[in-house]
Amino acid sequence: MNDDVWLVVPLYNEAEVIGDVVAQARETFPNVVCVDDGSRDGGAAAAAAAGAVVVQHPVNLGQGAALQTGFEYALTRPDMKWVVTFDADGQHQTSDVLAMLEKARAEDLAVVFGSRFLDDRTDAGLLKKLVLRMAVGYTNLTTHTRLTDAHNGLRLISREVVEQLEITQNRMAHASELVQQIGALDIRYAESPVHILYTDYSKAKGQSLWNAVNILAELILR
């Protein structure tokens, strides 16, 4: 029942949806750790009530810092073989995680990156796609990797790789830092198509065109 997989969920002011996100995820992946990154609502309590382990930052540090804390917690679990980075706002699908896990096992991969650009299920909007493509191009150029969607938050990472990661970029630039660190390792990785479900809620929480512009700006200025 996927007991060797831990979902790492950065959590910041998502009380409205996090209970349902955790409950639905745990139907397939029972092990979920939510890193409450200084939230000011009841999200941590809602996540715990839905069955997640909750680790808390006393102040908001950013998504990169929350992922690093989640990685460190998952590494304390001796049965953990895989970590999945999973968003708190309901835009990721556990069916995609299952496909990524199957691909990793079948092809002996250490990392599988989710990509919303490998099929036509995700409606990101033309301008957002353009900005994200620019960000991918910059990331590929500076990390010597070849990805189609470097800033997708859905990733499957083996324990051996998690042990070697150290995220220092606390905000959105952490995604490129992860790619850079993974690209520097002598491992096998690939991409898998995923469906990112953009809702009015997720757009309001930061999945807008402006957020994509911020990602590109952080990449260039970091």
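Predicted model: local features only at pLDDT ≥ 70, side-chain atom pairs only at ≥ 80, totals over all residues.
Visitor: Which strands stand at the edges?

Guide: Strand E3 (53–57) and E7 do; each has a single partner strand, so one side of each is left without a neighbour in the sheet.

Visitor: You called the pairing mixed. Which strands run parallel, and which antiparallel?

Guide: Let's take some pairs in turn. E1 and E2 run parallel and are joined by five bridges; Leu11 is found opposite Asp36 in E2. E4 and E6 are antiparallel, with four bridges, and Val83 stands opposite Ile157 in E6. Strand E5 (residues 111–115) is also joined to E6, by three bridges, and that pair runs antiparallel. On its other pairing, E5 meets strand E7 (residues 189–193) in the parallel sense over five bridges, where Gly114 sits opposite Ser192.

Visitor: Which residues of E6 are the bridge partners of Val111 and Val112?

Guide: Val111 has Ile157 as its partner, while Val112 has Leu156.

Visitor: How do I read the directions in which side chains point from a strand?

Guide: In a regular strand, side chains alternate between the two faces of the sheet. Here, Val111, Phe113 and Ser115 point one way from E5, and Val112 and Gly114 point the other way. Strand E6 (residues 155–158) can be read likewise: Arg155 and Ile157 point one way, Leu156 and Ser158 the other.

Visitor: Are those E5 and E6 residues buried or exposed?

Guide: In E5, five of the five residues are buried. The four named residues of E6 are all buried too, Arg155 among them.

Visitor: And how do I read a nonpolar core?

Guide: In soluble globular proteins, nonpolar side chains tend to be buried together. The largest core in this model has 30 residues, and Leu7, Ile18 and Cys34 touch the most other members. At least two residues each come from strand E1 (5–11), helix H1 (18–26), strand E2 (32–37), strand E4 (82–85) and helix H4 (94–107). Apart from this core lies another, of 23 residues, including Val83, Leu147, Leu178 and Ile187.

Visitor: What does Cys34 touch?

Guide: Leaving out residues up to four places away in sequence, its contacts include Val9, Leu11, Ile18, Val22 and Ala47.

Visitor: How does H1 lie relative to the strands?

Guide: H1 lies across E1 and E2, running at about 160° to E2.

Conventions: Residues numbered from 1 in each chain as written. Heavy atoms only, no water. Core = buried A, V, L, I, M, F, W, Y, C linked by side-chain atoms within 4.5 Å. Buried < 20%, exposed > 50% of the residue type's maximum accessible area, 1.4 Å probe, protein only. Contact = heavy atoms within 4.5 Å. Pairing = 2+ DSSP bridges. Axes fitted to C-alpha atoms, helices over the stretch in contact; angles between N-to-C directions.
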